[in-house]
Amino acid sequence: FMFSNTPPDDIMCVIFFGGEPLLEFELMKKITEMIESHPQFDQRVRFMLGSNGTIFNDQIAEFLVAHGFNFLISCDGPSEFQDEFRRYKGGRSSSARVEKTIKEALTVFPNLQVCSVYHPRTFHRLPVVFDYLSGLGVQTMSFSPDMSASWTTEEASMLPDLFKEIGQKHISLWRKHEPRRINIIDEKIQTILKGRYSPGHRK
């Protein structure tokens, strides 16, 4: 269906996400190999894996590299932030394991993307999260609101100042020739440089 219905000039992005897709690593490998063995398979196909960072090893890394995967890890920041909503079943902290995975993954994927979700209970910590991820060596970050949470107008009104603070840190690092890519800033810059949102742009 995918190969038959995608326009010739379009990219096909196959994303494995969850939950934690690496719990089914063998199935993920079979699906990838099935797609690659299709007679119409070509360079239009992109693979991506979104992980919570609790499972990672050399075998996984080798497979992802061999098949050209983009890799994304979800991490909400240092332990007091990460463990607010991302503990193991039973309540055990996931922070140390996820930090270890990020450090290991960065040696293989220098453009590793780390996604942090912010919530009404945690959004005021965003600049601290930025500093934490930068300190780990993460260069590509995305900050996403928890859209399932109940946000008040007052909470939403505080976001511009927090984004401005992150923006100042962003500028400072660029001036030191230590650039970072941040979705809440870079995507907006691209839009401004293009002059407008294009028709039908989902954002």
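1. A crossing of two helices is called left-handed if the near helix is turned anticlockwise from the far one by less than a right angle. In this predicted model, helix α2 passes helix α3 in such a left-handed crossing.

2. The residues that make this contact are F25, E26, M28, K29, T32 and E33 on α2, and Q59, I60, F63 and L64 on α3. Sorted by class, 5 of the contact residues are nonpolar, 2 are polar and 3 are charged.

3. Helix α2 covers residues 25-36 and helix α3 covers residues 58-66; their axes lie 12 Å apart at an angle of about 15 degrees. Angles under 35 degrees count as roughly parallel, so α2 is roughly parallel to α3.

4. F56 sits in the loop between β2 (45-51) and α3. Its relative accessibility is 9%; buried means under 20%, so F56 counts as buried. Leaving aside neighbours within four places in sequence, F56 is in contact with A61, F71, R97, T101, E104 and A105. I102 is 46 residues from F56 along the chain, yet their C-alpha atoms are separated by 9.4 Å.

5. Helix α7 runs over residues 153-175. At 1.5 Å a residue its 23 residues should span 33 Å, and the end C-alpha atoms are 35 Å apart, which agrees.

6. Which residues of α7 are buried? They are E155, L159, L162, I166, G167, H170 and L173. The elements covering them include β4 (113-118), α6 (126-136), β6 (181-182) and α8 (183-194). An α-helix has 3.6 residues a turn, so residues three or four places apart point the same way.

7. Just after α7, H177 has a positive phi of about 60 degrees.

Methods:
Residues numbered from 1 in each chain as written. Predicted model: local features only at pLDDT ≥ 70, side-chain atom pairs only at ≥ 80, totals over all residues. Heavy atoms only, no water. Axes fitted to C-alpha atoms, helices over the stretch in contact; angles between N-to-C directions. Helix = DSSP H or I, 4+ residues; strand = E, 2+ residues; numbered from the N terminus. Parallel < 35°, antiparallel > 145°, perpendicular 65-115°, else oblique. Contact = heavy atoms within 4.5 Å. Nonpolar A, V, L, I, M, F, W, Y, C, P; charged D, E, K, R; others polar. Buried < 20%, exposed > 50% of the residue type's maximum accessible area, 1.4 Å probe, protein only. Expected span 1.5 Å × (residues − 1).
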